Each structure stands twice: as structure tokens, then as C-alpha cells.
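Work through these exercises with the model open. Try each task before you read its solution.

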Amino acid sequence: MITAQRAYLTCPLGTICVSGDEHGIAAIACTDELIPDTIQTDLPAPLLAGVEQLREYFAGTRQQFDLKLNPRGTPFQQEVWQALLAVPYGQTLSYLTLSRRLGDEKAIRAVASANGKNPLWIVIPCHRIIGSNGELTGYAGGLWRKKWLLEHERGSAQLSISF
């Protein structure tokens, strides 16, 4: 059995923990706890790439991620997370629009739940999903982080909202 490894990276939103193994990044989480950057050169290549690409994202030089991902979830969650990857940088969608794109607008609560269980914060851009009224709703990392991420993306791309 392969043991997941971790790397910690300080960013404007706190400390990011990137975890996974050579099969890919399994989780990215953010905490207010101040943990010094701990990035060992012997980490699996997907983790090293993840840390580097996250640094580039926060520096404003990266809009798309090209990483080996290995999130764990149900088939439905995986389907929702795949759909999130199609939401372009600097744009937002409503939960209802996302549900419609997945073929069932009545599944809006299930879609919102899967969105909230996304283990790959930022890379799978769940922060780009907003309420139908344009309000920022539901973000596991806190609404202030969601707002920061959207404003960060707005700084280098015209933010557009789709309903």
C-alpha cells in the first residue's frame, strides 16, 4: 500500500496542504494554521508539480492546471468534478446551470453536495460555482476565500457570470 505524502505551501489564503502519491494528487486543503513551507525534493512528481503550479496560480501567471489528479469519490461526485474542470478561469456558473449541464436540473442539491466534497480545492474550481441570484454561497474553505479566489481571477480575466 502506498502512503500519501504531503507538501505545505504558504499562500495569501493560509497554508495549503497538497497530498497524494505517484498516482496523483488526492487532496488539496487550506487552513489558517501557519505551517512553514515543507516541500521536499524527494516528493512524488505529481506533488512537486502541484506545488509549483499553485505558486504560479497565486502569482497570477497560471490560469489552467496540468496535473495528474487522483481524487477519491463516488461516480456521481467524479462526474460533477469533471464538469467543474470545464468552467473557465475568470468565469462563474450557477449551481442550477451546472445541474442542467449534467442533464438533471432537479439534481441541484446533489450537485451542490458533490461540489462541497471536492477534495481538490482550486485545481478543480468549485469556487466558480455561485447561487442563481449571483450570491456567493457554500464554500468549504470559507466564503472569504471563495471571494478572494474570484477577485484574484477577475484581476487577470474579465469575470463573467452564467446562469
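**Exercise 1.** Decide whether Cys17 is buried or exposed.

*Solution.* This is a predicted model. Take the relative accessibility of Cys17, which is 15%. Buried means under 20%. Cys17 therefore counts as buried.

**Exercise 2.** Find how many disulfides the structure has, then check Cys17 and Cys30.

*Solution.* Start with the whole structure: a search finds zero disulfides. Next, take Cys17. Its nearest cysteine sulfur belongs to Cys30 and is 10 Å away. A disulfide needs the two sulfur atoms within 2.5 Å, so Cys17 is in no disulfide. Now take Cys30. The nearest cysteine sulfur to Cys30 is that of Cys11, 4.7 Å away.

**Exercise 3.** Describe the largest nonpolar core, and say which residues have the most contacts inside it.

*Solution.* Begin with the count: this core has 37 residues. Ile16, Ile28, Leu54 and Ile122 have the most contacts inside it. Then ask which elements give two or more residues. They are strands E1 (5-11), E2 (14-21) and E3 (24-31), and helices H1 (45-59), H2 (75-85), H3 (95-101) and H4 (108-116). H1 supplies the largest share, five residues. Now zoom in on Ile28. Leaving out residues up to four places away in sequence, Ile28 touches Ile16, Cys17, Val18, Leu54, Pro119, Leu120, Trp121 and Val123. As background, nonpolar side chains tend to be buried together in soluble globular proteins.

**Exercise 4.** Explain why the buried residues of H4 line one face of the helix.

*Solution.* First, list them: Val111, Ala114 and Asn115 are buried in H4. Second, look down the axis of H4. The buried residues fall within an arc of 105°, so they line one face. Third, see what covers the buried residues of H4: the cover includes H2, H3 and strand E5 (129-130).

**Exercise 5.** Locate Gly155 and decide whether Gly155 is buried or exposed.

*Solution.* Gly155 is in helix H5 (residues 143-156). Its relative accessible area is 71%. Exposed means over 50%, so Gly155 is exposed. Now compare sequence with space. Gly155 and Gly90 are 65 residues apart in sequence. Their C-alpha atoms are 8.6 Å apart.

**Exercise 6.** State which domain UniProt places at residues 7-70, and describe that stretch.

*Solution.* The unreviewed UniProt entry gives "Methylguanine DNA methyltransferase ribonuclease-like". Over residues 7-70 the chain is 23% helix and 33% strand. The end C-alpha atoms are 16 Å apart.

Technical notes:
Residues are numbered from 1 along each chain as its sequence is written. This is a predicted model: local features need pLDDT of at least 70, side-chain atom pairs count only at pLDDT 80 or more; totals for chains, interfaces and linings use all residues. Side-chain values use heavy atoms; hydrogens and water are left out. A nonpolar core is a set of buried Ala, Val, Leu, Ile, Met, Phe, Trp, Tyr and Cys residues joined through side-chain atoms within 4.5 Å. Buried means under 20% relative accessible area, exposed over 50%, partly exposed in between (1.4 Å probe, protein chains only). Helices (H or I, at least four residues) and strands (E, at least two) are DSSP runs, numbered from the N terminus. Contact means heavy atoms within 4.5 Å. UniProt positions are given in the numbering used here, feature names are shortened, and annotations may be inferred rather than shown by experiment. The arc is that of the directions from the helix axis to the C-beta atoms.
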